[in-house]
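Reader: I would like to go through this model feature by feature. Please give the general idea where there is one, and then the case at hand.

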Amino acid sequence: MTGVDVPALLAFGAVLVLTSAVAVAARWFYRADVLPTPTDWAVASRRFGTVTTWFLLGGTIYTAYTFVAVPGVVYAEGAIGFFALPYTIIVYPLAFWLLPKLWREARDVGAVTIADVVRVRYDSPGLALAVALTGILVTMPYVALQLLGIRTVLIVLGVYPAGVTGDVILGVVFAVLAVATYRNGLRAAAVIGFLKGVLVFAAIVVIMALLGSPARLFAEAERRSTGPPDLVSAGVDGGVVTTHLDPGLSTAYVTLAVGSALALLMYPHVLTAAFAARGEQVLRRNSVALLGWTALLGLFAFLGIAAHALGVVVAEGSAELAVPTMITQLMPGWAAGAIFGALAVGALVPASIMSVAAAMLFTRNVYVEYVNPNTTPKQQTSIARFVSLLVKFGALGFVLLLAAQDTINLQLLGGVWVLQTFPAVVLGALTRRLSPAGMLAGWAVGMLTGTLLVTSGGFSAVVVIGGLQVYAAVIALAANLVVAFAVSAVWRR
């Protein structure tokens, strides 16, 4: 653990406390003495306008861990880390068409979760259950990643000692999320999302101003990239060429971008945020305006190259510390602390929406469907509130009991899994050739195929097929579709 920078710690705490107080005590939520309905608690009664939806969707799609991990990948592995940029550009034309359609379906049938939509669209409890369980399964490690982002910041601040003390500090920082979400549901995330957007955009402006000319930094990073390739991940100055993509990684780059784009809109937290919009036009506007967040992500990815150019060195396997370490070297302690506070706030938005989404999936599509169909709406809210706490404690358990790499591996597998719901959520609305039985069979084959590919390759999301490196989720989806169409054809006959 490094020495504690007191001004940095005070600034970090001030940002976090202010944000937390606003999220917990904001008076525009609703009457505290009235238990909200599931629609009110989980999707804010579908009342969010264009600006609020922009901050909410951007805040949940572009997570705090993304702003730390993406530049870390660029720092450790080079240009392959920039795949996050084309994928967040590819996704928005799809979002322009898909999100308004799903929002309209959800409103018309009173759906709160994507599994609700699937249940009504196909009249298939089994297919809806598959979508719900997949959503819950992929959410837990994703929430844990947000905690890892906070922990990274605490480590750089020097206030995350090894052992129980560090775990308690992380738990206290995360506790406010549990309180705010329990009380106010998605509205808490909307408030934090607004503050996150302002803080993170301001932070990147300050950082880029201090770094100076990007051309100079690119040239310096290129000059430093002449050492042995294995030295970069070990944190030693030098290594692979950071500004060019190895031609051998082209298929990996393309399939990662396309597969990630298709998977992104399948995540329950993204669809939950979309369902809170006021109308279809709000989502269409945001499908264009969210490119502003992609520009922000591109600047953060560039920080991985800047860290090389400035000769930042981190320990082996700790590439995600490169940019936070660079920030402490660029600016005074109080300013670095404020930026770290912004990154920590950035983790609270997606984590809160993820916990709300997972809680509603369990409550409406597991408990109400299979345990107690007579549960009233307000009882559903009570159950969902309790489950949202369990999700957060479960995610905390991931971080405390598993190695960080294990949590990251599970999240990589989660991306493979969630893409297997694409036929049920998207393709089934485009063609009648897919039957519920076919999509359920395809889902099972895709889940099994993706799991085997990732785990047999040492928990790598990129696998070698026919001598080419390919994102495992794309292969699993191909197997899913083959089975889904074949079974559907037999089923119709």
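Author: Start at the end of a helix: just after α6, D123 takes a positive phi of about 50°. The model is a predicted one, so the angle is a computed value.

Reader: Which residues of helix α6 are buried?

Author: First the general idea. An α-helix has 3.6 residues a turn, so residues three or four places apart point the same way. In α6, which spans residues 114-122, the buried residues are I114, A115, D116, V117, V118 and Y122.

Reader: What do the buried residues of α6 pack against?

Author: They pack against α5 (84-109), α7 (125-157), α13 (268-275), α17, α20 (422-425) and α21 (436-456).

Reader: α5 is on that list. Where does the side chain of T88 reach a backbone oxygen?

Author: T88 lies in helix α5. Its side chain reaches the backbone oxygen of L85 at 3.0 Å. A polar atom of the T88 side chain also lies 2.9 Å from the backbone oxygen of A84.

Reader: Is T88 buried or exposed?

Author: The relative accessibility of T88 is 2%, so T88 counts as buried. Leaving out residues up to four places away in sequence, T88 touches Y62, L291, T294 and L297.

Reader: How should I read an aromatic pair, and how many does the structure hold?

Author: A pair of aromatic rings is described by the distance of the centres and the angle of the planes. The structure holds nine such pairs. In one of them, the rings of W54 and W293 have centres 5.4 Å apart and planes at 45°, so the pair is tilted. This pair links distant parts of the chain: W54 belongs to helix α3 (residues 50-61) and W293 to helix α15 (residues 291-309), 239 residues apart.

Reader: Are W54 and W293 buried or exposed?

Author: W54 has a relative accessible area of 18% and is buried, because the limit for that class is under 20%. W293 is at 0% and counts as buried.

Reader: What about the rings of F218 and F302?

Author: Their centres are 5.3 Å apart and their planes stand at 45°, so this pair is tilted. Here too, distant parts of the chain are linked: F218 is in helix α10 (residues 214-224) and F302 is in helix α15, 84 residues apart. F218 is partly exposed, with a relative accessible area of 33%, whereas F302 counts as buried at 6%.

Reader: Which residues do ring pairs link into a cluster?

Author: The cluster consists of W54, F55, Y62, F194, F201 and W293. Y62 also touches T88 and is in contact with F67.

Reader: What else is in contact with F67?

Author: Neighbours within four places in sequence aside, the contacts of F67 include K196, V200, W293, L296, L297, F300 and L343. F67 is also one of the residues that touch the most other members of the largest nonpolar core, together with L211, L303 and F340. That core has 159 residues, and helix α17 (residues 333-371) gives the most to it, with 19 residues.

Reader: What are the totals for the chain?

Author: The chain has 22 helices and two strands, and 56% of its 493 residues count as buried. Among contacts between residues at least 6 apart in sequence, 83% join residues at least 24 apart. The accessible surface comes to about 18,600 Å², with 68% of it belonging to carbon and sulfur atoms.

Methods. Residues are numbered from 1 along each chain as its sequence is written. This is a predicted model: local features need pLDDT of at least 70, side-chain atom pairs count only at pLDDT 80 or more; totals for chains, interfaces and linings use all residues. Side-chain values use heavy atoms; hydrogens and water are left out. Helices (H or I, at least four residues) and strands (E, at least two) are DSSP runs, numbered from the N terminus. Buried means under 20% relative accessible area, exposed over 50%, partly exposed in between (1.4 Å probe, protein chains only). Contact means heavy atoms within 4.5 Å. Accessible areas come from the Shrake-Rupley method with a 1.4 Å probe; for residues, only the protein chains shown count as cover. A nonpolar core is a set of buried Ala, Val, Leu, Ile, Met, Phe, Trp, Tyr and Cys residues joined through side-chain atoms within 4.5 Å. Rings of Phe, Tyr and Trp (its six-membered ring) pair if their centres lie within 6.5 Å; planes under 30 degrees apart count as stacked, over 60 as edge-to-face and the rest as tilted. A polar contact is a pair of N or O atoms within 3.5 Å; within protein, one must be able to donate a hydrogen and the other to accept it, and residues adjacent in sequence count only if both atoms are side-chain atoms.
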